[in-house]
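Open the model in your viewer and keep the selection panel at hand.

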Amino acid sequence: MTRWVLLAGMNCSEDLWSGCGVDDALTPPLDRESVDEQVGHLLRTLPPRFLLGGSSLGAVVATALALRAPERVAGLLLTATNARAPTDGQRRGWGEWRRRLDAGVPPRVLQEEILPLLLAPSTAVARPDLVERTLAMADAVGAAVLRRQLALQDSRQDLLGRLPTLTVPVRVVSGIHDALCPPEFHTAIAAAVPGAELTTTSTGHLGPLEDPRAFAALLHQAGPGSTPG
């Protein structure tokens, strides 16, 4: 049986995928300082063939991996992501986070400040347990790994132009309330990948955390692009 490999985004831990019904999934951290280095490390340490899911920065890494080694990837699920190169504004924001980390500001505080961008408004109000889990993920990541993830972000390059060459089955999942990576980002990705399927959920940026049942239904298919059994 082909196992899932699930990659969380920046300042998020494997708890992002808890409750999605794939308890045997591999959830390696993003702890290298460039996309190329992270992809190389994953290819050296993962099984010969696997299903691959990624959220946010994890989806960027997952896309780069599938482009480099499509023979290793049985199917690809991408959510809460952007295939374009970073903007100058994003780079300035990551630089500010690095400066604040160096000044002793903990990852939890940085995460708390962007909560309105991470969770759908209704979730932030009605689900204090998910708010705490979102902050606890930042605690689990820690300052040292978050610094590496910020460097990893800075190393990103445009992937959108390469997506037409992607040869693995792809499902793109867009959260309608995602303030960081809005639906049009996902529409562009799905349009660029031959045969890609696009699914929309009523979530914010942390879709697997907010609606694990929806993601469980997707992950329990034989692979992205397949018909549920």
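Select Leu52, Leu76 and Leu166. Within the largest nonpolar core, which has 46 residues, these three touch the most other members. A nonpolar core here is a set of buried Ala, Val, Leu, Ile, Met, Phe, Trp, Tyr and Cys residues joined through side-chain atoms within 4.5 Å. Buried means under 20% relative accessible area, exposed over 50%, and partly exposed in between (1.4 Å probe, protein chains only). Helix α2 gives this core its largest share, 9 residues.

This is a predicted model: local features need pLDDT of at least 70, side-chain atom pairs count only at pLDDT 80 or more, and totals for chains, interfaces and linings use all residues. Residues are numbered from 1 along each chain as its sequence is written, and side-chain values use heavy atoms, with hydrogens and water left out.

Stay on Leu166. Beyond its neighbours within four places in sequence, leucine 166 is in contact (heavy atoms within 4.5 Å) with Ala66, Leu67, Leu76, Val193 and Pro194. Now pick Cys20, Val22, Leu118 and Phe215. They are among the 24 residues of another core, which lies apart from the largest one.

Next, select residues 73-79. This is strand β3, and 6 of its 7 residues are buried. Helices (H or I, at least four residues) and strands (E, at least two) are DSSP runs, numbered from the N terminus.

Serine 55 stands opposite threonine 79 in β3. To get from β2 to β3, the chain passes through α2 (residues 57-68), and this β-α-β crossover is right-handed. To check the hand, point the strands away from you: the path from the first strand over the helix to the second runs clockwise.

Which strand pairs with β3 over 4 bridges? Select residues 170-175: β4 pairs with β3, again in the parallel sense. Leucine 77 stands opposite arginine 171 in β4.

Now show the whole chain. Its secondary structure comes to 10 helices and 5 strands. The C-alpha trace spans about 45 × 35 × 30 Å along its principal axes. Buried residues make up 53% of the 229 residues. Of contacts with a separation of 6 or more, 74% join residues 24 or more positions apart.

Key
Pairing = 2+ DSSP bridges.
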